Structure formats: C-alpha cells, structure tokens
Amino acid sequence: MLVDCAPLPGKGLLVLAEAREDIEELSDEQVLQVARFTTESARRAAERFGCEGPLGQRPSTVDRAGWRTLPLARAEGTCRDAADSRDTSRLGLTTASEMPVGGALTEECSLNLPTKGHHVRLSAYYGPSSQQEIYLDNRYPGSVKGTVTRSHSCKGALGKAYFKFEEFPRPDAEKGVRSSIRSEDAQRLLTSFATASGSRHGCPVT
C-alpha cells in the first residue's frame, strides 16, 4: 500500500507484505488475510508518522483475476481507451492482453499487431515503481533502445508517473527487424494509454 504522507521523504509511506509461499499456492481466504494484514499495518504506520492519506476500507475480497486476452474493442481493464477506433483500424490492432484495473503502482497493456508474433507493450509506473524503472532505464540504456517514454508529475506519494511504449520484437537494423509503428503513432498510443491510466490513478495527464 502507498499512502500520501507529507512528513516523510518522497511524501509517501509504502507498506509491503510478502508471503513465504507462491501467491498461486494460497487460497482466496489466505490472500484476503494478507491484504487485511497489510491494510492494518499501513493504518498503524500512518498514525505513527502523521500521514494524511486516506486508507480506504478493510478489504472484504481480493481480485485474483490474471491476464486475459480479448478483442481490443471489448477491453475494460488496463487496455481500455489505449487506442481509438481510427488507430485500431489503421494499425491493424487485433486483440488486447490486459489486467484488471485498480490502484496498482504498475500497469501493463499488450496490443497484438497484424504480423504474427509482433505486439506493442504499454506500461505505466507510479511512486516507487516509477523511481525503480527510471533508474534501471538510465543505468541500462541499451535495454530500452527504440522505446518511447514520457513522464508526468502527480500529487502526493505517486510522485512522477512514467509511461513506456515498446514494440516487440524490438526494431534492430542489424538483424533486419524493422519497426511497424511510426513514431507519431507510437506517441499517440502512449498518450492515450497514459491519459487513461493517469485518470484511474488521480493523476490527470494532458
């Protein structure tokens, strides 16, 4: 859980809970108990440090839904509003692989292109997740060759949001792999995705 907390460096309080077993091995009730433990730990820590961020309600259920693939027009999770009908038609976007939406610090959306094995990945990072991704991209610049990125300042603990567009397989002239997405199209897809994701996180992107 990430809580707005002005008195702390970075203006946020991050509380993590980790189970010893793989999450897939836990029952729904066990996962719910982990979520409740995390929420209560965050509440106590927030009181200790004088944090002002809202903690919400004690969870009564946990969404364990995983990735799902469906026609882009029916996307309702992390791929919702990632591309309008014009871009979908012009770029030949077919299906979307997405996760349910929530308050996750990392969001991903994969859009399949007409050529078999080719797809676009759109990612959004917030708070500590953003800080880590920016650090890794700066430290290993070769790993993000051909990637389109943009950042946007959010309020409170979310800090600087970081958005990425990546095409796979990665364009590589030496290996004869050409990009099938023009730069302006990549920028437009990234902007649409960032706007939708930012809206879900209370960080309007213009």
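The model is predicted, so local features need pLDDT of at least 70 and side-chain atom pairs count only at pLDDT 80 or more, while totals for chains, interfaces and linings use all residues. Residues are numbered from 1 along each chain as its sequence is written, and side-chain values use heavy atoms, with hydrogens and water left out.

**The whole chain**

Select the protein chain. It has 4 helices and 8 strands; these are DSSP runs numbered from the N terminus, helices being H or I of at least four residues and strands E of at least two. Their order along the sequence is β-β-α-β-α-β-β-β-α-β-β-α. The C-alpha atoms fill a box of roughly 55 × 35 × 30 Å along the principal axes. Of the 206 residues, 37% count as buried (buried is under 20% relative accessible area, exposed over 50%, partly exposed in between, with a 1.4 Å probe and protein chains only).

Select residues 160–168, which form strand 8. Because 8 of its 9 residues are buried, strand 8 is largely enclosed by the rest of the structure.

Val 148 is partnered with Phe 165 of strand 8. In the hairpin of strands 7 and 8, with 6 residues between the strands, Gly 156 takes a positive phi near 65°.

**A salt-bridge network**

Select Asp 87, Arg 90, Arg 182, Glu 184, Asp 185 and Arg 188, which are linked in a network of salt bridges (a side-chain nitrogen of Lys or Arg within 4 Å of a carboxyl oxygen of Asp or Glu). The structure holds 17 salt bridges.

Start with Arg 188 and Asp 87, whose closest N and O atoms are 3.0 Å apart. Arg 188 lies in helix 4 (residues 183–200) and Asp 87 in helix 2 (residues 85–91), so this pair ties together parts 101 residues apart in sequence. Asp 87 is buried, with a relative accessible area of 1%, whereas Arg 188 is partly exposed at 25%.

Move to Asp 185 and Arg 90, which meet at 2.9 Å, N to O. Asp 185 lies in helix 4 and Arg 90 in helix 2, so the pair ties together parts 95 residues apart in sequence. Finish with Arg 182 and Glu 184, at 3.4 Å, N to O.

Conventions:
Pairing = 2+ DSSP bridges.
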